[in-house]
Amino acid sequence: MIWLWVLLAALLTIGGIFWLGKLPAAARPLAGAAVMLGLAGYALQGHPSLPGKPVAAIEEPENFGKALTDQRQGMSERFGAAAQWLGMSDGFARTGKTELAAKTLEKGLERYPDNVDLWVGLGNALAQHGGGAMSPAAALAFDEAAKRDPSHPAPPFFAGLAMAQGGDLKGAEAVWSQLLARSPADAPWRPDLEMRLARLRDALGLPAETSADVPPADVPN
């Protein structure tokens, strides 16, 4: 039955090329030969009777993509040079215009090339434009942010988030473990980071760590 539909599609294609496309008579044999060549290739390699096998999406811990973009975990300024550009970018991203969201931040970086929050925002926008996963361009943006302020928590936090969403759970666990080890006890992002890291370690089958196992940065070992 499937081959009947294949042949019908081939006949309709030939008919469309010959009559609707008004192909010159001299070129019709070549066009017909091309369609027949396609059918021959499908006959040799095609398997229309095989059942479909959808590719399983990479699993990530539940709710990992729900970062607090409005406050950015208390890691970035809510007012100042970056806030306006970040606000515009977030607005575009919420409507699905992820490319425009990234380009908006690139414009902001032309004016403020050393602003860590804008570099982090660009990394987030590029990751979102790539389907939520880390891409080379997003990784470069996070690296640029970290170079400008190695002590800033946002670059490793959001880089780890993109890694986790892309399926690199081990990479995310390593980045977040380092961030947790240097986070102060009263850091506003620490509780959320501990929660995400615990879920990540559980997904990897690693033993859970409590906050007591990872002393905050302002407490001597």
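1. A crossing of two helices is left-handed if the near helix is turned anticlockwise from the far one by less than a right angle, and right-handed if clockwise. By that rule, H8 passes H9 in a left-handed crossing. Helices (H or I, at least four residues) and strands (E, at least two) are DSSP runs, numbered from the N terminus.

2. Some ground rules come next. This is a predicted model: local features need pLDDT of at least 70, side-chain atom pairs count only at pLDDT 80 or more, and totals for chains, interfaces and linings use all residues. Residues are numbered from 1 along each chain as its sequence is written, and side-chain values use heavy atoms, with hydrogens and water left out.

3. Now the overall build. The protein has 9 helices and 0 strands. Read from the N terminus, its elements run α-α-α-α-α-α-α-α-α. Of its 221 residues, 37% are buried (under 20% relative accessible area; exposed is over 50%, partly exposed in between; 1.4 Å probe, protein chains only). Contact means heavy atoms within 4.5 Å. Take the contacts between residues at least 6 apart in sequence: 58% of them join residues at least 24 apart.

4. Leucine 118 sits in helix H5 (residues 116-129). Is leucine 118 buried or exposed? Leucine 118 is buried, because its relative accessible area is 0%. Neighbours within four places in sequence aside, leucine 118 touches Ala82, Trp85, Leu86, Leu105, Gly108, Leu109 and Tyr112. Phenylalanine 142 lies 24 residues from leucine 118 in sequence, and their C-alpha atoms are 9.9 Å apart in space.

5. Next, how helices pack. Two packed helices are described by the angle between their axes and the distance between the axes. Axes are lines fitted to C-alpha atoms, for helices over the stretch in contact, and angles run from 0 to 180 degrees between N-to-C directions. Angles under 35 degrees count as roughly parallel, over 145 as roughly antiparallel, 65 to 115 as roughly perpendicular and the rest as oblique.

6. Start with helix H6 (residues 136-148) and H7. Their axes come within 9 Å and cross at roughly 165°. That angle makes H6 roughly antiparallel to H7. The H6 and H7 crossing is left-handed. Phe142, Ala145 and Ala146 of H6 meet Pro155, Phe158, Ala159 and Ala162 of H7. These contact residues divide into 7 nonpolar, no polar and no charged (Ala, Val, Leu, Ile, Met, Phe, Trp, Tyr, Cys and Pro count as nonpolar, Asp, Glu, Lys and Arg as charged, and the others, Gly among them, as polar).

7. H7 also packs on H9. Here the angle is about 30° and the axes are 12 Å apart. So H7 is roughly parallel to H9. The crossing of H7 and H9 is left-handed. Phe157, Leu161 and Ala164 in H7 meet Asp192, Leu193, Arg196 and Leu200 in H9. The contact holds 5 nonpolar, no polar and 2 charged residues.

8. Helix H8 spans residues 169-181. At 1.5 Å a residue, its 13 residues should span 18 Å, and its end C-alpha atoms are 18 Å apart, which agrees (the expected span is 1.5 Å times one less than the number of residues). Which residues of H8 are buried? They are Leu169, Gly171, Ala172, Glu173, Trp176, Leu179 and Leu180. Their cover includes helix H7 (154-165) and helix H9 (190-204).

9. Last, H8 with H9. These two pack at about 145°, with axes 10 Å apart. Residues making the contact include Trp176 and Leu180 of H8, and Leu193 and Leu197 of H9. The contact residues divide into 10 nonpolar, 1 polar and 6 charged.
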